[in-house]
Amino acid sequence: MARQEAIPLMTPFKFGPFELSHRVVLAPMTRCRADGRYVPQPHTAVYYSQRASRGGLLITEGTGVSATAQGFTGSPGIWTPEQVEAWKPVVDAVHRKGALIFCQIAHVGRASTNDFQPDGQAPISSTDKQLSPDAEFGTAYSKPRRLGTEEISGVVDDFRRAARNAIEAGFDGVEIHGAHGFLFEQFMKDGANDRTDEYGGSLENRCRFTMEVVDAIVREVGAHRVGIRLSPFADYMECVDSDPVALGHYMVQQLNKYDGLLYCHMVEPRMAIVDGHRQIPHRLLPFRKAFNGTFIAAGGYDRVEGNKVVEEGYTDLIAYGRVFLANPDLPRRFELDAPLNKYDRSTFYTQDPIVGYTDYPFLEDDNNSSKSSTQA
């Protein structure tokens, strides 16, 4: 296989105080392999270190900031000393490979059930509007409890402590999960937020909680260790905004007030199918131009499209999800234009420590040829 030289995805990048050797980022993906106490297990270190490469950037799966933050079996947390200790060997394994790793800190809000909540309480949210059942996963979400105005500062503090815990565990930084229908979007998007206090109504009010968390975390660990993921165009978990462009612009403008905030990670609108081929909408450029820090784009990219948008300056880095899940050595495969393993959707969210988690083959594996495909 001929070696491809200096393709855009394989060019180095100055990432705030860090140095990256390529532009291929492991996207945050729920993998459900923690134990019943939300503690990462030893196979978690295998999974992340497999996907680590020198000068690469990994972002962990959404990691709960408190006992009220959980909504999935097997999702990890970072609010107890035991959880913090369990993350340390994961981070060490990634660092030994020469990569950076950021912890995505998250709160699902109303995307939960009483079973996941302390003492069977109602999930907390911006609203008391209940989500419709999830037919795909067979989840019947519980009716949430609207947070009182006076309670919100406590949730802000949960995120601050989680960020401090992540740095204690050795992470290079944190990514605030402000996307995909979780708690922050339940406040930010007018399709979910029906509050009448200072956290509802206007765009500024709806974004207030998110920015209070950003502010608290920046003060706690430094702007150079903080990124945020946003999905203004998404409609997950019944979180829709009537003007996603205005929402995205407002958030970028607010983030720019923090000198040295490391990155903004944004998700493209859903792909369209045109003449039988998928098409990425490419609507993030105005946000990329407006943001002062590193910009990461995500949403259905493959090798060809990734090289194109990096070369054109549409984004600095590309976050890859399912294709990175199935190809632990994805940067090398992209560099060599090598065939890719197919991912197995049925094993995305199982609790198996090996199958669909740490058993995807590397290029040098003898059996790779029978399990690979050029499909991304």
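**Salt bridges and cavities**

D157 is partly exposed, with a relative accessibility of 27%. The model is a predicted one. D157 pairs with R160 in a salt bridge, 2.6 Å from N to O. The structure holds 21 salt bridges and three cavities of 30 Å³ or more.

**Salt bridges**

- R160 and D157 lie three residues apart in helix 3 (residues 152-168), a separation of about one helical turn.
- R160 is partly exposed as well, at 24% relative accessibility.
- A network of salt bridges links D157, D158, R160, R161, R164 and E220.
- R146 and D194 form a salt bridge through their side chains (2.8 Å, N to O). This pair links distant parts of the chain, 48 residues apart: R146 is in strand 8 (residues 145-146), and D194 is in the loop between helix 4 and helix 5 (203-206).
- R146 has a relative accessible area of 30% and is partly exposed; D194 is partly exposed at 32%.
- D329 and R333 form a salt bridge, with their closest N and O atoms 2.7 Å apart. D329 is buried at 9% relative accessibility, and R333 is buried at 0%.

**Cavities**

- The largest cavity has a volume of about 100 Å³. Its lining comprises 14 residues, with G62, F72, S75, V108 and F182 nearest the centre.
- Six nonpolar and eight polar residues make up that lining of the largest cavity, with no charged residues.
- The second largest cavity has a volume of about 50 Å³. Its lining residues include E185, K189, L230 and M251.
- Helix 7 gives the most to the lining of the second largest cavity, three residues.
- The lining of the second largest cavity has five nonpolar, three polar and two charged residues.

Conventions:
Residues are numbered from 1 along each chain as its sequence is written. This is a predicted model: local features need pLDDT of at least 70, side-chain atom pairs count only at pLDDT 80 or more; totals for chains, interfaces and linings use all residues. Side-chain values use heavy atoms; hydrogens and water are left out. On a 1 Å grid over the protein atoms alone, a cavity is a set of points where a 1.4 Å probe fits but cannot get out, and a pocket is an open set with protein on both sides within 12 Å along at least five of seven lines; lining residues have an atom within 4 Å of a point. Grid points are joined across faces, edges and corners, and a volume is the space filled by probe spheres set on the points. Ala, Val, Leu, Ile, Met, Phe, Trp, Tyr, Cys and Pro count as nonpolar, Asp, Glu, Lys and Arg as charged, and the others, Gly among them, as polar. Helices (H or I, at least four residues) and strands (E, at least two) are DSSP runs, numbered from the N terminus. A salt bridge is a side-chain nitrogen of Lys or Arg within 4 Å of a carboxyl oxygen of Asp or Glu. Buried means under 20% relative accessible area, exposed over 50%, partly exposed in between (1.4 Å probe, protein chains only).
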